[in-house]
Amino acid sequence: MEAIVIEREKDKAIPRFKSISESTLPKGDVLVKVNYSALNYSDAATMFNVWNTVDSYPHIPGIDFIGEVISSSSENFTKGERVLHTSYGVGYNRFGGLAQKAVSNEDWLIKVPSEVSDVQAMGLGTVGLTAMLAINELEANGLIPDDGKVLVTGATGGVGSLSIQLLHELGYQIVASTGKINESSNYLREIGAAELIDRNNFNEKTKEPLEDETYAAFIDSVGGNTLSRVIKQLQYEGIGVSTGIVTGMDLDISVAPFVIRGIKLIGINSVYTPKEKRENAWSRLFELVDFEILEKSLKVEPIEKVPQLAKNMLDGINVGRIVVRI
């Protein structure tokens, strides 16, 4: 079968589009003919082993994929059914979905409604699931639209842009933080942002334990000093959700926001989300998302181009969500 195969050469990880034996696939409950995958930042990082996540080579990356069941040892899946996979270490420590065939376990797969296309499902993928899980946590902890502004950082990224779309659909007033205000303002307003602010507003470190109460809630995919600053700007009993660590894992805060304002900070890890919670999130996601808007931000690219696209992504060149045609 053909796939993106990462090989180790002179202490460097090199991704190539090439053939690999199907016999190298791991054991699992369900064998899937992959129609589409996606290119996430984590996939690009895996291809060049930026985070040292690959234990052995050759390796096939790809944390997301969709396709039809070829064979199954599970009574829950039959030949020809369309299934969607995200996470559970696939693409990291197991062969992933950037290949013509992939293996998964029955508890890891989601059945896809007939009205949702393969491209639409991969346009959502891990980033869509993460955004929906974040919003579900905000609302489970009491957030309603009347509470005030909701800040979304990394607004043009996958999680950020989908969070804006979903929050807008649910009636929230959204402030979008981005470093691309000039080139992305029309797009961000189109998907639902009521207000735009420059991400540089959060760059400066502050010694104050608290700042002005500005936001009822936030969804942050940036981390680092941005997360430290927005925590201090939550209103009394505000709620923050952290989904990413792009700029760092350190927090420069005191306990003041938690003790004095009674705020909550919730972390999202979509990789090992339990199946029932995952299924509920996907069901709500399919119902809420505006696919016409989503598709405007998608680029469908052939699998042969993935190594170069991954390098571009690491260099900050790509714009929009990349769906990979297998």
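The model is predicted: local features need pLDDT of at least 70 and side-chain atom pairs count only at pLDDT 80 or more, while totals for chains, interfaces and linings use all residues. Residues are numbered from 1 along each chain as its sequence is written, and side-chain values use heavy atoms, with hydrogens and water left out.

F286 also counts as buried, at 13% relative accessibility. W282 and F286 are four residues apart in helix α7, which means a separation of about one helical turn (helices are DSSP runs of H or I with at least four residues, strands are runs of E with at least two, and both are numbered from the N terminus).

## Packing of α2 against α7

Helix α7 covers residues 275-288; its axis lies 9 Å from that of α2, at an angle of about 105°. Axes are lines fitted to C-alpha atoms, for helices over the stretch in contact, and angles run from 0 to 180 degrees between N-to-C directions. The two helices are therefore roughly perpendicular (65 to 115 degrees; under 35 counts as roughly parallel, over 145 as roughly antiparallel and the rest as oblique).

On the α2 side the contact includes A121, L124, G128, M132 and E139, and on the α7 side W282, F286, K277 and R284 are among the residues involved (contact means heavy atoms within 4.5 Å). The residues of this contact divide into eleven nonpolar, three polar and five charged. Here Ala, Val, Leu, Ile, Met, Phe, Trp, Tyr, Cys and Pro count as nonpolar, Asp, Glu, Lys and Arg as charged, and the others, Gly among them, as polar.

## Nonpolar cores

The largest nonpolar core has 52 residues, of which L124 and I164 touch the most other members. Helix α2 (residues 118-140) supplies the largest share of this core, eleven residues. A nonpolar core is a set of buried Ala, Val, Leu, Ile, Met, Phe, Trp, Tyr and Cys residues joined through side-chain atoms within 4.5 Å.

Beyond its neighbours within four places in sequence, I164 is in contact with V152, A155, I174, A176, L188, I191, G192 and A193. A second, separate core of 14 residues includes M47, L98, I303 and L309.

## T130 in α2

T130 is a residue of helix α2 and counts as buried, at 7% relative accessibility. Not counting residues up to four places away in sequence, T130 touches V159, T243, I268 and S270.

## Aromatic pairs

The structure holds four aromatic pairs. Rings of Phe, Tyr and Trp (its six-membered ring) pair if their centres lie within 6.5 Å; planes under 30 degrees apart count as stacked, over 60 as edge-to-face and the rest as tilted. Y41 and W51 form a tilted pair, 5.9 Å centre to centre with 45° between the planes. Y41 lies in helix α1 (residues 41-47) and W51 in the loop between α1 and β4 (64-72), so this pair ties together parts ten residues apart in sequence. Y41 is partly exposed at 43% relative accessibility, and W51 is partly exposed at 44%.

The pair of W282 and F286 is tilted because the ring centres are 5.3 Å apart and the planes stand at 35°. Y88, W108 and Y272 form one aromatic cluster.

## S254

S254 is found in the loop between β12 (234-242) and α6 (256-259) and is partly exposed, at 32% relative accessibility.

Key. Buried means under 20% relative accessible area, exposed over 50%, partly exposed in between (1.4 Å probe, protein chains only).
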